[in-house]
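Q: Please take a close look at one part of this model, the place where the ligand sits. What surrounds it there?

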Amino acid sequence: MFESFAQEPIAAASIGQVYRATLHDGREVAVKVQYPGVAAAVRADMQNLDMIMRLLKRMTPGMDAKAIAAEIRERIGEELDYELEAQNHSALARIFRGHPFIAVPEVITSLSRERVLVTEFVQGVGFEELKRRPQSERDRIGEIVFRFFLGCLYRHRQFSGDPHPGNFLLLADGRVAFLDFGLFKRMQREPVALELACQRAVSEGDAAELHRLLAQSGFLPEPDRVDPGHLLAFIGEAIWWYTTADEPVQLTPEIATQVMIESSDPRSSYFAEMRHQDMRPEHLFGRRMELLTLAVLSQLRARANWHRIAREWMYGDDPVTELGREEAEFYAHAGVGA
Ligand SMILES: Nc1ncnc2c1ncn2[C@@H]1O[C@H](COP(=O)(O)OP(=O)(O)O)[C@@H](O)[C@H]1O
Ligand SMILES: [Mg+2]
């Protein structure tokens with residue numbers, strides 16, 4: 001199958017190893033090979049998820065733990081199948097072909113199988129080094145990461161659920177290459193529209209509208225137990241950085257930690273009241289992706305007016321940044337997008 005195949009792996013994957021190889025046509029590839037037996041072991045472990053969810057249900061009684069467990073089981077189950085990952089990866093490679101600053105390596109479909117994934121090898125600068133780059137470079141990378149992960153969800157309704165520092169590299173030509181589409185989520189139009197409507201309500205400080213949207217979509221099983229003003233403050237604590245802060249914000253680990261505490265920790269200001277909130281399973285991986293994106297941007301200490309970027313998909317506003325203008329140009333010609 002290969003012209004040459006390195007004996008030693010170049011990287012550890014979560015449930016496998018990655019090797020470097022060369023195809024007969026000369027292309028350099030990365031070959032992700034799943035450990036034998038690991039898929040069966042993970043499937044067996046997922047049985048314990050029910051027990052964990054029962055414990056979680058005690059902390060947040062409003063939550064539909066069964067539905068959440070089903071969503072987690074489905075996403076992780078898919079992650080065990082590299083053939084499915086190859087399809088999802090290819091879908092994004094197709095969307096971003098020719099993009100000015102986002103690169104998704106091509107998948108070699110003919111060589112990929114349930115436990116083997118072959119992709120074009122990318123050489124680039126990793127996260128540890130990027131963190132030490134000057135502010136302006138970190139800002140640019142941060143904006144690209146934000147546009148890639150949130151833009152995928154809000155423009156294309158499909159996204160990688162794993163914005164991990166190991167999953168992107170800066171290429172020599174200035175583009176950022178994104179890897180790893182194992183944890184992948186596709187969404188229908190309606191739940192995506194709901195998220196954007198909620199973000200607009202937060203941006204506009206419209207507590208009644210936010211309460212109405214969340215009550216109507218099942219997030220508030222007992223709407224009367226949740227005060228609209230408190231709900232607005234609670235959601236605002238998690239997404240203020242791209243909804244209400246209309247100015248350059250430098251994200252820091254302190255900010256990311258604060259957001260995590262406010263949205264999930266019993267120490268948070270509204271925890272007691274928000275225990276009666278439910279997380280609808282359809283939105284679970286999007287919210288998780290958003291928090292992990294924030295964590296990555298915070299480690300980069302990237303600065304931008306995140307709100308003005310997010311307005312492109314929240315309100316259909318014209319871009320105000322150089323990268324935004326390049327991207328708008330790309331979408332105008334690619335004929336896809338929002
Ligand atoms: N196409 C590629 N080019 C270069 N390195 C790659 C490529 N694919 C994977 N890698 C390396 O292998 C690591 C693990 O691969 P990844 O797909 O992220 O596995 P996992 O899903 O287990 O996280 C990556 O973090 C990266 O260092
Ligand atoms: Mg990875």
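A: A polar contact is a pair of N or O atoms within 3.5 Å. Keep that cut-off in mind. The model is predicted.

Start with N167. One of its polar side-chain atoms lies 3.2 Å from an oxygen atom of ligand 1. That pair is within 3.5 Å, so it counts as a polar contact. K32 also reaches an oxygen atom of ligand 1, with a polar side-chain atom at 2.9 Å. E120 uses its backbone instead. There, a backbone N or O atom lies 2.9 Å from a nitrogen atom of ligand 1. The cover is the next point. On its own, ligand 1 has 550 Å² of accessible area, and the protein covers 83% of it.

Now widen the view to the shell. Ligand 1 is surrounded by 15 residues. The closest are S14, K32, E120, V122 and D180. Sort the shell by class, and you get eight nonpolar, four polar and three charged residues. Three strands each supply at least two residues of this shell: strand 2 (11-13), strand 4 (28-34) and strand 6 (116-120). Strand 2 gives the largest share, three residues.

Next comes the pocket itself. Ligand 1 takes up space in the second largest pocket. The volume of this pocket is about 670 Å³. It is lined by 27 residues, and the closest to its centre are V18, K32, N167, L179 and D180. K32 and N167 each place a polar side-chain atom by an oxygen atom of ligand 1, at 2.9 Å for K32 and 3.2 Å for N167. The lining draws at least two residues from each of strand 2, strand 4, helix 4 (82-95) and strand 6. By class, the lining holds 14 nonpolar, seven polar and six charged residues.

For contrast, look at the largest pocket. It holds about 1200 Å³ of space. Its lining has 41 residues, and S263, Q277, M279, L284 and R287 are the closest to its centre. Helix 12 gives the most, with seven residues. The classes here are 26 nonpolar, seven polar and eight charged residues.

Back to the ligand for a last look.

Conventions: Residues are numbered from 1 along each chain as its sequence is written. Chains are lettered from A and ligands numbered from 1 in the order in which they are written. This is a predicted model: local features need pLDDT of at least 70, side-chain atom pairs count only at pLDDT 80 or more; totals for chains, interfaces and linings use all residues. Side-chain values use heavy atoms; hydrogens and water are left out. A residue is near a molecule or strand if one of its heavy atoms lies within 4 Å of it. A polar contact is a pair of N or O atoms within 3.5 Å; within protein, one must be able to donate a hydrogen and the other to accept it, and residues adjacent in sequence count only if both atoms are side-chain atoms. Accessible areas come from the Shrake-Rupley method with a 1.4 Å probe; for residues, only the protein chains shown count as cover. On a 1 Å grid over the protein atoms alone, a cavity is a set of points where a 1.4 Å probe fits but cannot get out, and a pocket is an open set with protein on both sides within 12 Å along at least five of seven lines; lining residues have an atom within 4 Å of a point. A molecule sits in a cavity or pocket if more than half of its atoms lie within 2 Å of its grid points. Helices (H or I, at least four residues) and strands (E, at least two) are DSSP runs, numbered from the N terminus. Ala, Val, Leu, Ile, Met, Phe, Trp, Tyr, Cys and Pro count as nonpolar, Asp, Glu, Lys and Arg as charged, and the others, Gly among them, as polar. Grid points are joined across faces, edges and corners, and a volume is the space filled by probe spheres set on the points.
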